Amino acid sequence: KALDIQSKYASFSGQYRDGPWRHSVALNITDIEAAQEQTQYRNHHFYRLDLASDYSISSTQQLKVGLQWQQFNYNAVDPTFLIIRDDTFWRASVGWQYLLNDSMVLNLQYRRSKKISNGDIYAYSRDELIIGLTKQF
């Protein structure tokens, strides 16, 4: 029996450190193909680019900023909405981490996300405030 979808994936990434700064970039390219004829509308190309920078304020504090872009290019008409979907996603984030001790980290992050789509049901804007405590083992 065929799998629901098959994907081909390529990823490229790199990091650069300069004093208290650490920068990273990642690019992902995915080709997704539905294995069954009735779900061919799921076929699409997916691209994702992530840019991030961290700044070490001290040995216990770190600031983080990030930008993410995603593009979804579909190849066939969605049978429910009768469109060939074309979606773009953006996310910007800023955060702060505080090392409480060797195994506990306090996290605070704000994220702004927006998905633009020619199918209105898939489009949205979102603001998130994330507060967390991480236990490292």
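The accessible surface of the protein chain is about 9200 Å², and 56% of that area belongs to carbon and sulfur atoms; such areas come from the Shrake-Rupley method with a 1.4 Å probe, and for residues only the protein chains shown count as cover. This is a predicted model, in which local features need pLDDT of at least 70 and side-chain atom pairs count only at pLDDT 80 or more, while totals for chains, interfaces and linings use all residues. Residues are numbered from 1 along each chain as its sequence is written, and side-chain values use heavy atoms, with hydrogens and water left out.

**Overall build**

- The protein chain has zero helices and seven strands; helices (H or I, at least four residues) and strands (E, at least two) are DSSP runs, numbered from the N terminus.
- Followed along the sequence, the pattern reads β-β-β-β-β-β-β.
- With a radius of gyration of 19 Å, well over the 14 Å that the globule rule gives for 137 residues, the protein chain is more spread out than a compact globule. That radius is taken over C-alpha atoms, and the globule rule is 2.2 Å times the number of residues to the power 0.38.
- Along the principal axes, the C-alpha atoms of the protein chain fill a box of roughly 55 × 30 × 30 Å.
- Of the 137 residues, 26% count as buried. Here buried means under 20% relative accessible area, exposed means over 50%, and partly exposed lies in between (1.4 Å probe, protein chains only).
- Among contacts between residues at least 6 apart in sequence, 45% join residues at least 24 apart, where contact means heavy atoms within 4.5 Å.

**Salt bridges**

- Side chains of opposite charge can pair when their charged atoms come close.
- The count comes to eight salt bridges, each being a side-chain nitrogen of Lys or Arg within 4 Å of a carboxyl oxygen of Asp or Glu.
- Asp-54 and Arg-22 form one of them, with their closest N and O atoms 2.2 Å apart. Asp-54 lies in strand S3 (residues 44-56) and Arg-22 in strand S2 (residues 21-34), so this pair ties together parts that are 32 residues apart in sequence.
- Asp-54 counts as buried at 6% relative accessibility, whereas Arg-22 is partly exposed, with a relative accessible area of 27%.
- Asp-87 pairs with Lys-115 in a salt bridge whose closest N and O atoms are 3.8 Å apart. Because Asp-87 is in strand S5 and Lys-115 in strand S6, the pair ties together parts 28 residues apart in sequence.
- Both Asp-87 and Lys-115 are buried.
- Asp-127 and Arg-112 meet through their side chains in a salt bridge of 2.8 Å, N to O. This pair links distant parts of the chain, with Asp-127 in strand S7 (residues 124-135) and Arg-112 in strand S6, 15 residues apart.
- Asp-127 is partly exposed, with a relative accessible area of 47%, and Arg-112 counts as partly exposed at 36% relative accessibility.
- Salt bridges that share partners join Arg-22, Asp-54 and Lys-64 into one network.

**Around Gln-62**

- Gln-62 lies in strand S4, and its side chain makes a polar contact of 3.3 Å with that of Lys-64. A polar contact is a pair of N or O atoms within 3.5 Å; within protein, one must be able to donate a hydrogen and the other to accept it, and residues adjacent in sequence count only if both atoms are side-chain atoms.
- Leaving aside neighbours within four places in sequence, Gln-62 has contacts that include Asp-54, Tyr-55, Gly-95 and Trp-96.

**Around Ser-117**

- Ser-117 sits in strand S6 (residues 104-117) and counts as buried, at 12% relative accessibility.
- The side chains of Ser-117 and Asp-87 are joined by a polar contact of 2.5 Å.
- The side chain of Ser-117 also reaches the backbone nitrogen of Gly-119, at 3.0 Å.

**Around Asp-78**

- Asp-78 is found in the loop between strand S4 (61-74) and strand S5 (86-99).
- Asp-78 is buried yet has no salt bridge, and the nearest side chain of opposite charge, Arg-85, is 5.0 Å away. For charge, Lys and Arg count as positive and Asp and Glu as negative, while His and the chain ends are not counted.
- The side chain of Asp-78 reaches the backbone nitrogen of Thr-80 at 2.8 Å.
- Not counting residues up to four places away in sequence, Asp-78 touches Tyr-41, Ile-83, Arg-85 and Tyr-122.
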